Amino acid sequence: MNSHRQSHTLASAPGLGRAPRAAHGLAALTAAVRAAVGQRADWQDTGRLVASALKQHLPPPNILTAEQRTGDPETYKSEVLHSEPDGSFSIVALVWLPGHVTPIHDHVTWRVFGVIQGIEWEELFELDEHRSCLVEAGYRLNRAGEVSGFAPPGAIHRVRNAGDLAAISIHVYGTDVTRIGSSVRRYYDLPVQPSMPGSLNRMNRREGG
Ligand SMILES: [Fe+2]
């Protein structure tokens with residue numbers, strides 16, 4: 001999710017591609033997300049509903065082919081698994097090798113993700129417009145089987161593979177990433193300041209399950 005620019009969400013990312021064949025579990029996940037989005041709740045609640053759907057239908061790593069699961073040594077790689085015809089959501093798989101990391105960024109819409117292999121480290125930031133900097137706001141270690149998500153505003157983050165093996169995660173975005181090119185709203189090339197002593201905690205994110 002410019003390397004989200006290389007990215008994380010990214011239809012414009014190098015290596016972005018469509019999964020070559022229908023994968024195990026995708027139909028059930030797609031139907032569950034469609035039902036959640038169909039409730040036409042606000043972004044916060046939609047994120048929670050979709051997170052619950054993803055938690056219940058988190059697919060196994062073989063939703064990707066063996067070749068796709070090997071990743072790309074140059075950057076994390078995305079595979080669009082599904083784009084809803086009405087543009088209301090997309091489902092994207094990301095494959096990260098050890099050391100792969102996104103730039104600091106936020107998104108144009110709600111986003112939910114679940115890790116299906118490996119470990120991902122996520123850092124959250126807040127924008128301090130007066131000082132023209134970012135301030136550390138939290139962190140989270142996401143392991144296989146864990147689902148989380150958020151909606152703008154105030155969801156600036158950076159994600160990296162925190163393990164020694166390839167990590168794979170499934171991301172659901174409230175837009176058609178193949179139409180708009182990426183779900184990223186902005187990349188933040190700003191200095192990062194530490195939070196106030198004692199105030200940096202593990203993120204309390206909006207989770208749906
Ligand atoms: Fe992101």
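The largest pocket of this predicted model is lined by 13 residues, with Val37, Gly38, Arg40, Asp86 and Ser88 lying nearest its centre. Local features require pLDDT of at least 70 and side-chain atom pairs pLDDT 80 or more, whereas totals for chains, interfaces and linings use all residues. Residues are numbered from 1 along each chain as its sequence is written, and side-chain values use heavy atoms, leaving out hydrogens and water.

**Largest pocket**
- A pocket is an open set of points on a 1 Å grid over the protein atoms alone, where a 1.4 Å probe fits, with protein on both sides within 12 Å along at least five of seven lines; lining residues have an atom within 4 Å of a point.

**Chain**
- The chain contains 4 helices and 12 strands.
- Of its 209 residues, 52% are buried (under 20% relative accessible area, 1.4 Å probe, protein chains only).

**Gly114**
- Gly114 belongs to strand 5 (residues 111-117) and counts as buried because its relative accessibility is 0%.
- Beyond its neighbours within four places in sequence, Gly114 is in contact (heavy atoms within 4.5 Å) with Leu54, Leu58, Glu146, Val147, Ile168, Ser169 and Ile170.
- Ala93 is 21 residues from Gly114 in sequence and 9.7 Å from Gly114 in space, C-alpha to C-alpha.

Note on methods. Helix = DSSP H or I, 4+ residues; strand = E, 2+ residues; numbered from the N terminus. Buried < 20%, exposed > 50% of the residue type's maximum accessible area, 1.4 Å probe, protein only.
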